[in-house]
Amino acid sequence: ADEVIARSELGIDLHTAAVGRTNFPHVRADLRIPRLGEIAEWFGSEVIIDRVGDEHSVRQVATESGVPTINLEAAEALKIELAVVELGVRGVKNVMRRLGMLRGRIGRPAYQTVVKQSRWVRAQAGGLLRFHVAPGDLVDAGDPIATCDSFFRAESPTLRAPVAGIVLGMTTLPVVRPGEPVCHIGIPKRALSEIREMIAHTPDTLHRRLQAELARDVHVWPLAKKKRARRLGSD
């Protein structure tokens, strides 16, 4: 803290998800803190989660020490995904350019929205998951998230979205036990219809490349393919 935080004016902490999980890239910041709202917006991720940092985390300790800090949560641990790296580099450079530390063009996202609330979808039964969504998908309440198959029962319960929102994170492991988290859905302040329209008309291809890379470890089964194409703005 004395060698890094105390010598800083602001901070950007870069994170991946935990092992066995993946996150659609988003910035986390406590938007009650002066400057953090504009810094989070400058970074240029599509989703900004308004949340206090975990106790003893770099973000929380730095912010409490008077150094406004955001963190990027993106993709999987132990992997290098080029579109995710591009987003992270672009975001850091965006902030530096806004501060006058660099020259150049500001990179802008396909859309940007704040998320204040989110819901976890947890497995109702154990078994093998068949996913029907991928990171970054937009889902309506009641949309299928995953189906859980098992050799030991006749039925295969389907998990459904309890709310409309953005798929922020999900497990990449097909085997699940009852109660384990499967999918994290963020509830955006911006209407989903507006986000879909903005994605459909964006000239920026980074959004689509991000989704394609993040979904490599998440096979999306046919049950939701037609809806997923609509969510991505391909029609």
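Four strands form an open, antiparallel sheet in the order 9-8-6-11. Strands here are DSSP runs of E with at least two residues, and helices are runs of H or I with at least four residues, both numbered from the N terminus. Two strands count as paired if DSSP finds at least two bridges between them. The edges are strand 9 (158-160) and strand 11 (175-176), each of which pairs on one side only. Strand 6 (residues 127-131) and strand 8 (residues 144-149) run antiparallel and are joined by 4 bridges. Leu129 has Cys148 of strand 8 as its bridge partner.

The structure is a predicted model: local features need pLDDT of at least 70, side-chain atom pairs count only at pLDDT 80 or more, and totals for chains, interfaces and linings use all residues. Residues are numbered from 1 along each chain as its sequence is written, and side-chain values use heavy atoms, without hydrogens and water.

Helix 3 spans residues 82-98 and includes Val85. Asn94 lies in helix 3 as well. Asn94 counts as buried, because its relative accessibility is 0% (buried, under 20% relative accessible area; exposed, over 50%; partly exposed, in between; 1.4 Å probe, protein chains only). Beyond neighbours within four places in sequence, Asn94 is in contact (heavy atoms within 4.5 Å) with Trp42, Phe43, Gly44, Arg105, Ile106 and Gly107.

Val85 has a relative accessible area of 41%, so Val85 is partly exposed. Ile80, Leu82, Val85 and Val89 make a nonpolar surface patch of about 420 Å². Patch residues have over 30% relative accessible area and no salt bridge; like charges are joined within 9 Å, nonpolar side chains (Val, Leu, Ile, Met, Phe, Trp, Tyr) within 5 Å. A salt bridge places a side-chain nitrogen of Lys or Arg within 4 Å of a carboxyl oxygen of Asp or Glu. Accessible areas come from the Shrake-Rupley method with a 1.4 Å probe; for residues, only the protein chains shown count as cover.
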